[in-house]
Amino acid sequence: MRTELSKAEVERLFIGAADGALEGRDADRLEDDPALKLKLSKYQSALKLLKETPKEKAPPALASVILRRVRRRRIWGRNAQAMQLQEYAVPMQVIVPILLGVLVAAFLVFAAP
Amino acid sequence: MTSEVLELPAHELDLATRPAAIAPVVELPESLLLARLRRKDPAAFEQLVKTHQDRVFDFCVRMVGDREEAFDLTQEIFVSIHLHLDKFRHDAKLSTWIFRISKNHCLNRLKYLKRRGRGRSDDYGEANELAINDSVGAPSGPDELLEASRERAWVHRAIAELDEDQRMLVALRDIEGLSYEEIVEITELPEGTVKSRLHRAREKLVGILERLEQQAAHRGE
């Protein structure tokens, strides 16, 4: 006697059919149930439509636009790094007096009796 | 959303049927390409873009249902890939990683569009359908071509009516033809969940296609 399939069983059966892995007993079950067979045929037609849908091709300008953006980002990144270094660099107005101070201190130390 | 997106005039967006303006590059094996990408070789990145741009663009069109949005989105995705190349786990497949980034960008963009009240083009209007038909080759007269074009438009509309997650699974499995293992890695969902959500999405799709067919029959098309 044929029993009604549960939702989970229908799901397993349809997924199997869509993946081309329908088991023998499932195929028999479909033969016994015309309503289910019709449902599966609609399911497979929809899948066929999806698979046959032509793929969208990227506009030819896309690659060059992406590469231009990446290049700009790379240049901007280098500039930002240089600016960061400049920010942390000690200015000459500070370095020269410190060096002079060190020299004078060294002279005084060595010149002391 | 960055304001850095480079806008192109509409006529340049519809150039899909024209021969590519950029010369094709010789394809490298993935391991070699990855090694060069790690060295930040610009030529390797160029090859990566050229190899994957069509699939990413197609996925974006399915997800957002708008070629202009998909164009911007694909730019964002590749810039993001360039930025995060160091984070790529080398035991994974490059294409899977790219789809994962694409999925995240698409879902974020859909959220943004929902907040903003939809995209640049109409929701899924006639104009967009026409653009899609043009890009994949418009019917040149005979009834079969007209029928094929109509079916294509129905498929686009039906996909657009699915929930975001369902749309993503249908796009990855039934359009891009990825394996369940790859989809599991991209979506971070268990295989059983992927299969059952995919099944529900397909069932919904069947219902939508039936409805569209009935509407067309009612209009006497």
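Trainee: Which residues does H199(B) touch, not counting residues up to four places away in sequence?

Mentor: Contact means heavy atoms within 4.5 Å; here H199(B) touches V10(A), E11(A), F14(A), I15(A) and Y43(A), with residues up to four places away in sequence left out of the count. This is a predicted model, in which local features need pLDDT of at least 70 and side-chain atom pairs count only at pLDDT 80 or more, while totals for chains, interfaces and linings use all residues. Residues are numbered from 1 along each chain as its sequence is written, chains are lettered from A and ligands numbered from 1 in the order in which they are written, and side-chain values use heavy atoms, with hydrogens and water left out.

Trainee: Is H199(B) buried or exposed, and with which side chain does its own make a polar contact?

Mentor: Buried means under 20% relative accessible area, exposed over 50%, and partly exposed in between (1.4 Å probe, protein chains only); H199(B) counts as buried because its relative accessibility is 4%. A polar contact is a pair of N or O atoms within 3.5 Å, where, within protein, one must be able to donate a hydrogen and the other to accept it, and residues adjacent in sequence count only if both atoms are side-chain atoms; the side chain of H199(B) makes one with the side chain of Y43(A), at 3.0 Å.

Trainee: How many salt bridges cross the interface of chain A and chain B?

Mentor: A salt bridge is a side-chain nitrogen of Lys or Arg within 4 Å of a carboxyl oxygen of Asp or Glu, and the rule finds six across this interface. One of the salt bridges joins E56(A) to R67(B), with the closest N and O atoms 2.4 Å apart. The contact as a whole takes 35 residues from chain A and 57 residues from chain B.
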